[in-house]
Amino acid sequence: MADVKKFIEEVKNMTVLELNELVKALEEEFGVSAAAPVAVAAAPAAGAAPAAAAEEKSEFNVVLKDAGAKKIDVIKVVRAFTGLGLVEAKTAVEKGGVLKENVAKEDAEKILADLKAAGATAVLE
């Protein structure tokens, strides 16, 4: 039981990026997906599908495809909108992928514009 409490304390002290890596590692190790229960639960609600689609369009994920030639400028932008430390922001920029999830449309467009102004290639999903 002490090992479980120790593990919980370690999880509490992890950054968002570290937690994301942990989830991905667990998904790969056990061949599961953390998103699977959501998809299964959404399937029976066929009547609510149009409402869900409209809801999805109001929130976006900001995805970094490439940092470009001005990586330092991109890191500064990422730090500004994520609140990450320098090392974590640098890691996020080098790794690419989703930088911010479930962002309102206006905020997502502003972040996207800032990233593009810094020289990055990014998209909204």
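Student: In which strand does asparagine 102 lie?
Tutor: Keep in mind that we are looking at a predicted model. Asparagine 102 belongs to strand S2.

Student: What is the phi of asparagine 102?
Tutor: Most residues other than glycine have a negative phi. Asparagine 102 is not a glycine, yet its phi is positive, at about 50°.

Student: Is asparagine 102 buried or exposed?
Tutor: The cut-off to remember is that exposed means over 50% relative accessible area. Asparagine 102 has 54%, so it counts as exposed.

Student: Which residue in S3 stands opposite aspartate 66?
Tutor: S1 and S3 form an antiparallel pair with 4 bridges. Across from aspartate 66, the residue in S3 is threonine 121.

Student: What pattern does the protein chain follow along the sequence?
Tutor: Its secondary structure consists of 7 helices and 3 strands. Reading along the sequence, you get α-α-α-α-β-α-α-β-α-β.

Student: How many salt bridges does the structure hold?
Tutor: One of them joins lysine 110 and aspartate 114, at 3.0 Å from N to O. Another is formed by glutamate 125 and lysine 65. The structure holds 6 salt bridges.

Student: How many residues apart are lysine 95 and glutamate 21?
Tutor: Their side chains meet in a salt bridge, 3.7 Å from N to O. This pair links distant parts of the chain, with lysine 95 in helix H6 and glutamate 21 in helix H2, and the two are 74 residues apart.

Student: How far apart are the closest N and O atoms of glutamate 125 and lysine 65?
Tutor: Both residues of this pair are exposed. The closest N and O atoms in their salt bridge are 4.0 Å apart.

Student: In which strand is lysine 65, the partner of glutamate 125?
Tutor: The pair links distant parts of the chain, 60 residues apart. Glutamate 125 is in the segment after strand S3, while lysine 65 is in strand S1.

Student: Which helix holds both lysine 110 and aspartate 114?
Tutor: These two are 4 residues apart, about one turn of the helix. Lysine 110 is exposed at 51% relative accessibility, whereas aspartate 114 is partly exposed at 29%. Both lie in helix H7.

Student: Which residues do salt bridges that share partners join into one network?
Tutor: One member, lysine 90, is found in helix H6. With a relative accessibility of 37%, lysine 90 counts as partly exposed. The network consists of Lys71, Lys90 and Glu94.

Student: At what angle do the axes of helix H5 and H6 cross?
Tutor: Two packed helices are described by the angle between their axes and the distance between the axes. H5 passes H6 in a right-handed crossing. The contact includes Val74 and Ile75 of H5, along with Leu86 and Ala89 of H6. The two axes come within 9 Å and cross at roughly 115°.

Student: How far apart in space are lysine 90 and isoleucine 72?
Tutor: In sequence, they are 18 residues apart. From C-alpha to C-alpha, the separation in space is 8.3 Å.

Student: What share of the 125 residues in the protein chain is buried?
Tutor: Buried means under 20% relative accessible area. The protein chain exposes about 8800 Å², of which carbon and sulfur atoms supply 59%. Among the 125 residues, the buried share is 20%.

Definitions and conventions. Residues numbered from 1 in each chain as written. Predicted model: local features only at pLDDT ≥ 70, side-chain atom pairs only at ≥ 80, totals over all residues. Heavy atoms only, no water. Buried < 20%, exposed > 50% of the residue type's maximum accessible area, 1.4 Å probe, protein only. Pairing = 2+ DSSP bridges. Areas by Shrake-Rupley, 256 points an atom, 1.4 Å probe, with all protein chains shown as cover. Axes fitted to C-alpha atoms, helices over the stretch in contact; angles between N-to-C directions. Left-handed = near helix turned anticlockwise from the far one by under 90°. Contact = heavy atoms within 4.5 Å.
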